[in-house]
Amino acid sequence: MNQYPGLDQVSSVFHVKGCRTLKLTFEAHMGNLIKVLTRDIDNNGGNFFLDFENAQPSQSETDVWEKVNQVLTEAQVILEDLQSYKGAGEEIRQAIQNPSVEGVQEKAWSAVVPLVIKLKTFYEFSQKLETSLQCLLDVLTSSSSTPTQHLEQKQALARQFAHILHFTLRFDELKMTNPAIQNDFSYYRRTISRMRINNLSSEAGSEVNNELANRMSLFYASATPMLKTLSDATSKFVSDHPEVPIENTTDCLSTMASVCKVMLDTPEYRSRFASEETVLFCLRVMVGVIILYDHVHPAGAFVKTSNIDMKGCIRVLKEQPPSSVEGLLNALRYTTKHLNDETTSKQIKNMLQQN
């Protein structure tokens with residue numbers, strides 16, 4: 001189940017509509033769940049411990065879990081490739097400075113093409129991630145249970161949902177700090193345009209055709225391309241499923257934000273994390289679901305009637321070492337939809353102001 005599937009395999013086995021046909025029966029499977037409060041859980045969304053470290057799929061979760069797991073396994077490879085992405089800056093500089101030296105041009109082209117193929121892989125993976133997210137939403141927002149019950153009963157799927165968000169914010173953090181990505185792709189596009197104009201090669205751009213290059217260009221032009229992909233996917237999920245009340249989706253997102261905040265904000269429960277890395281994992285997940293909620297909910301996450309305690313979430317973020325959360329605070333500042341609305345309180349805007 002941990003083998004990396006090929007692109008064709010994933011596209012053939014993984015269709016969102018197929019997820020809806022899965023008959024996920026109710027199971028009183030608590031897993032490693034620990035209730036924080038004893039009152040009715042549905043009146044206190046978020047007041048339970050979601051085991052991000054160890055939750056395993058029950059029988060009813062297995063089909064969806066295995067499909068999403070294929071994508072999450074590949075996600076680790078994608079992150080490793082992005083972390084090691086060095087770019088072809090020096091070769092490109094030499095090519096620009098020596099436009100008439102054929103050997104220098106060839107060297108730059110040879111350096112850039114494999115990198116563009118890698119960028120193509122990243123972009124194509126974003127589409128798989130979008131499908132995975134919609135498949136999980138399909139299960140976690142169905143009307144068979146409340147969103148809180150879904151997160152309680154299907155902890156393994158909630159954990160996968162969290163891993164998608166964690167990957168997304170990590171990918172975007174790495175992308176934002178690596179200008180070589182856009183520089184390499186821009187050079188590639190300029191070079192194939194020049195080749196076509198001069199009829200230098202009939203194979204110019206064969207690695208990435210023009211239509212794909214346009215889509216990739218839009219993807220990488222975003223400061224946070226994976227987050228934009230997920231935001232668009234969540235909005236599309238809501239519009240494509242009018243039979244599912246929008247509250248099912250927004251409540252699922254706000255409950256997960258509350259879960260993360262409670263676990264981070266309560267020393268007794270935070271101490272249950274086996275690894276300190278889980279703290280940053282929770283922070284990324286909390287920010288990710290806030291951003292998705294803000295894009296899907298008509299009034300957004302920052303309005304007073306929001307189901308997310310934004311002041312509390314921002315406070316939890318600001319209590320962490322600045323170096324570990326600055327990227328997450330920037331994500332709230334620059335990738336949310338409603339922060340600058342008149343309905344957002346001055347206090348929240350002040351809390352998110354850069355020092």
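**Basis and confidence**

Residue numbers start from 1 along each chain as its sequence is written. Because the model is predicted, local features need pLDDT of at least 70 and side-chain atom pairs count only at pLDDT 80 or more, whereas totals for chains, interfaces and linings use all residues, and side-chain values use heavy atoms, with hydrogens and water left out.

The predictor's confidence in each residue is given as pLDDT, on a scale from 0 to 100. Its mean for the protein is 82, and 84% of the residues reach 70 or more. Over residues 1-46, pLDDT stays under 50. For that segment the model has 91 contacts beyond four places in sequence, a contact being heavy atoms within 4.5 Å. Where pLDDT is low, the predicted coordinates should not be read in detail.

**Overall make-up**

The protein has 16 helices and two strands. These elements are DSSP runs numbered from the N terminus, with H or I over at least four residues for helices and E over at least two for strands. Of the 355 residues, 52% are buried; buried means under 20% relative accessible area, exposed over 50%, and partly exposed in between, with a 1.4 Å probe and protein chains only. Among contacts with a separation of 6 or more, 77% join residues 24 or more positions apart.

**Helix spans**

The expected span of a helix is 1.5 Å times one less than its number of residues.

| Helix | Residues | Length | End-to-end C-alpha distance | Expected span |
|---|---|---|---|---|
| α7 | 155-176 | 22 residues | 31 Å | 32 Å |
| α15 | 322-335 | 14 residues | 19 Å | 20 Å |

Helix α7 is mostly covered, with 19 of its 22 residues buried. Helix α13 is largely enclosed by the rest of the structure, because 18 of its 20 residues are buried. In α15, the buried residues are V325, L328, L329, A331, L332, R333 and T335. The buried residues of α15 pack against α7, α10 (225-240), α13 and α14 (310-318).

**Nonpolar core**

A nonpolar core is a set of buried Ala, Val, Leu, Ile, Met, Phe, Trp, Tyr and Cys residues joined through side-chain atoms within 4.5 Å. The largest such core has 103 residues, of which F52, F161, F167, Y188, L283, I290 and L317 touch the most other members. Helix α5 contributes the largest share of this core, 17 residues. Leaving out residues up to four places away in sequence, I290 touches A257, A301, I308, M310, C313 and L332.

**Aromatic pairs**

Nine aromatic pairs occur in the structure. Rings of Phe, Tyr and Trp (its six-membered ring) pair if their centres lie within 6.5 Å; planes under 30 degrees apart count as stacked, over 60 as edge-to-face and the rest as tilted. One of the pairs, Y123 and F219, is edge-to-face, at 5.4 Å centre to centre and 75 degrees between the planes. Since Y123 lies in helix α5 (residues 102-140) and F219 in helix α9 (residues 210-221), this pair ties together parts that are 96 residues apart in sequence. Both Y123 and F219 are buried. Ring pairs also link W109, Y123, F185, Y188, F219 and Y220 into a cluster.

**Selected residues**

L82 lies in helix α3 (residues 62-83) and counts as buried at 3% relative accessibility. Its C-alpha is 8.5 Å from that of F122, 40 residues away in sequence. Beyond its neighbours within four places in sequence, L82 contacts F122, F171, L174, K175, N178 and I181.

P147 belongs to helix α6 (residues 147-153) and, at 12% relative accessibility, is likewise buried. P147 and E247 are 100 residues apart in sequence, with 9.1 Å between their C-alpha atoms. Apart from neighbours within four places in sequence, P147 is in contact with L140, N248, D251 and C252.

R270, in helix α12 (residues 267-270), is partly exposed, with a relative accessible area of 25%. Not counting residues up to four places away in sequence, R270 touches M263, L264, E276, V279 and Q320.
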